[in-house]
Amino acid sequence: MASEELCAISINWIKSLELASSTGDATSFVSHFHSDGWFRDLLCFSWNFRTLSGSDQIRGFLSEVVDEKPRLEHSGLRDVKLDDHTVNAPSPFKLPGPQGIEGVQGAFTFTITKPAAIGRGFFRLTQDADGKWKALTLFTNMQDLVGHEESSADQHGLYEDRKMTWEEHVEAKFRAIEVDPTVLIVGGGQSSLMSAARLGRLGIRALVIEKNSRVGDSWRQRYPNLILHTPAHQNSMLYSPYPTTFPKYIPKGKIANFLDSYAVDQELCIWLSSSIASTPVYDSSSARWTVEVQHGDKKVVLNPKHLVLATGIGSPRIPTWNGMDEFQGALYHSDFHKDAEQFRGKRVVVVGAGNASADICKDFVGHGAAEVTMVQRSATFVVSSSAAEQTHFKSPFPDGTPIEELDFRNNSMPLAFLMQLKKSGGIQHSKMLDKELHDGLRKVGFNLTWELSPGSGEVGIEAFVFDRLASGTMIDTGCGKLIVEGRVKVKQGQDISHFDKDGITFKDGSKLPADVIVLATGIEPVMKTTRALLGNEVTDRLLPRAVWGLDSEGELNQTYRPSGHPGLWLTTGGFVTSRFYSKHLGLQILARELGIA
């Protein structure tokens, strides 16, 4: 299909959609969708994240009354223009799966009147039985609030009336933040840093407190051979891509050092060696928190309007079995794995069969352990790094395309619809690429799965990431080969009964002797950390009482969206999630500061 035809189809559709919106006619608006179409909206039609599927749900949402007007009329979407000058200009597409759905996709810009904002949308159109182009998916995304747009200007360039040096400017900015932070961010990892950078560009004073003595220590302190299991470009930091000299899969030390320099480059105000000293208290009359912070050797009381918990993906989950205290060897959680060399020539058992377990097994093999055994307690989703790159991480854009364009297109796909596509056969290509690996693993007794629960249907790695924070998955970077070759043995199919002084006994009576046992048993839910920091009174107000995982519409629970408690926000997830949703966090906080949300 020629580009002119693609543009004509796209323009006709978006202009017709704009007409329906301008009249506030929800029925006409919905007629632009297939009856089983999907509509994902981030902050344009409500101050939340919503995904609606099917004509009835979409119409019901747009017909809800807001300030005495139907939602569609109240928002006033208009000024629709085809975004034909970017890499997201109209193009053909084909969705994965046996049906091979094909159509036209593209981006467009628009404005809304309440609140006064600039938006950007993305559509995927296919033809119905009558040959009419209708939306399979439509995404609307708030970009900026009018008059409060995100700043991209050079604040320290060459100006004749410059009165302050750059150093003086940053020092003055930090003093203002420390005296009266609008937002207090707890934690100093990538989610925290990108959120603080985004808030700064929106003109919001944000103070970060980090318990460690150096930015990046949360990465430095992890096991020695940790590398990112996804390509560097996929994990770019907001505003600051990695140097082209970085490897495709970045080691944890480079990540840690980059985060440290990022904090300086983005002029982020950070208190190191600092943590919450007592349970924060929220005053609904002043709409401020009282937070006592242990800052070095002194305590400081802060009164931010917003509290953002960016404390990572959870604390180590350490199961308890009878006899653990009797074991005479080394026993620790994978989060505390530091030095495989000291166990050269020893018998090692690693409990767990996910990413951390695979990395640590590789570390022990590489440092000459006498025997390494992986205890697989449940089936694992395995995809090789090469297959994952081809099917999930290979950019559809030319080299040098801003990562923001990739984020925009990827997030335009409703997550629930993506899961549906995978269940209908979209996972088969990835499985075919890894057939040799999977066959080899099965032969040595390693149990594989592509289902979140038995009988629920096969899905891709995205489902495991969004539902479980990737628990139960292995993006294989070499451990699979070690397992197939027998250099890492597998104990599978039996639950652990108890420990004794020599190792582990299983419920079938079999025993596994060990000098070292590493518990690669995952992490506790983020809500457990939240409750420990905020106490029961605040935590019990959060709805739902889960952070991460998908809600009934297919949106992430709690993350970067209203928590259920005023002035409280929770952020978690990897680089991709933080990079994209930090904008939505900033817009929601800004709107509350402006009194329009």
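## Ground rules

Residues are numbered from 1 along each chain as its sequence is written, and side-chain values use heavy atoms, leaving out hydrogens and water. Because the model is predicted, local features need pLDDT of at least 70 and side-chain atom pairs count only at pLDDT 80 or more, while totals for chains, interfaces and linings use all residues.

Helices (H or I, at least four residues) and strands (E, at least two) are DSSP runs, numbered from the N terminus.

## A three-stranded sheet

Three strands form an open sheet, in the order β24-β25-β26. Their pairing is antiparallel. Two strands pair if DSSP finds at least two bridges between them. β24 (496-500) and β26 (511-513) each have a single partner strand, so one side of each lacks a neighbour in the sheet. Neighbouring strands are turned by 20° against each other on average, direction ignored.

Strand β25 covers residues 503-506. Three bridges join β25 to β26. G503 stands opposite P513 in β26.

## Nonpolar cores

A nonpolar core is a set of buried Ala, Val, Leu, Ile, Met, Phe, Trp, Tyr and Cys residues joined through side-chain atoms within 4.5 Å. Buried means under 20% relative accessible area, exposed over 50%, and partly exposed in between (1.4 Å probe, protein chains only).

The largest core has 130 residues, and L62 and F364 touch the most other members. Helix α18 (residues 575-594) gives the most to this core: eight residues. Contact means heavy atoms within 4.5 Å. Residues touched by F364 include Y332, F343, V372 and V518, not counting residues up to four places away in sequence. A second, separate core of 24 residues includes I209, C269, L302 and M527.

## Helices α11 and α18

Helix α11 (residues 403-411) packs against α18 at an angle of about 90°, with their axes 10 Å apart. Axes are lines fitted to C-alpha atoms, for helices over the stretch in contact, and angles run from 0 to 180 degrees between N-to-C directions. The two helices are therefore roughly perpendicular (65 to 115 degrees). I403, D407, F408 and N411 in α11 meet V576, R579, F580 and Y581 in α18.

## Helix α15

Helix α15 spans residues 461-468. Its buried residues are I461, E462, A463, F464 and F466. Their cover includes β21 (381-384), α10 (385-393), α12 (415-426) and β22 (473-476). L469 follows α15, with a positive phi near 55°.

## Cysteines

The structure holds zero disulfides (pairs of cysteine sulfur atoms within 2.5 Å). C44 is buried, with a relative accessible area of 2%. C7 counts as partly exposed, at 23%.

Key
Parallel < 35°, antiparallel > 145°, perpendicular 65-115°, else oblique.
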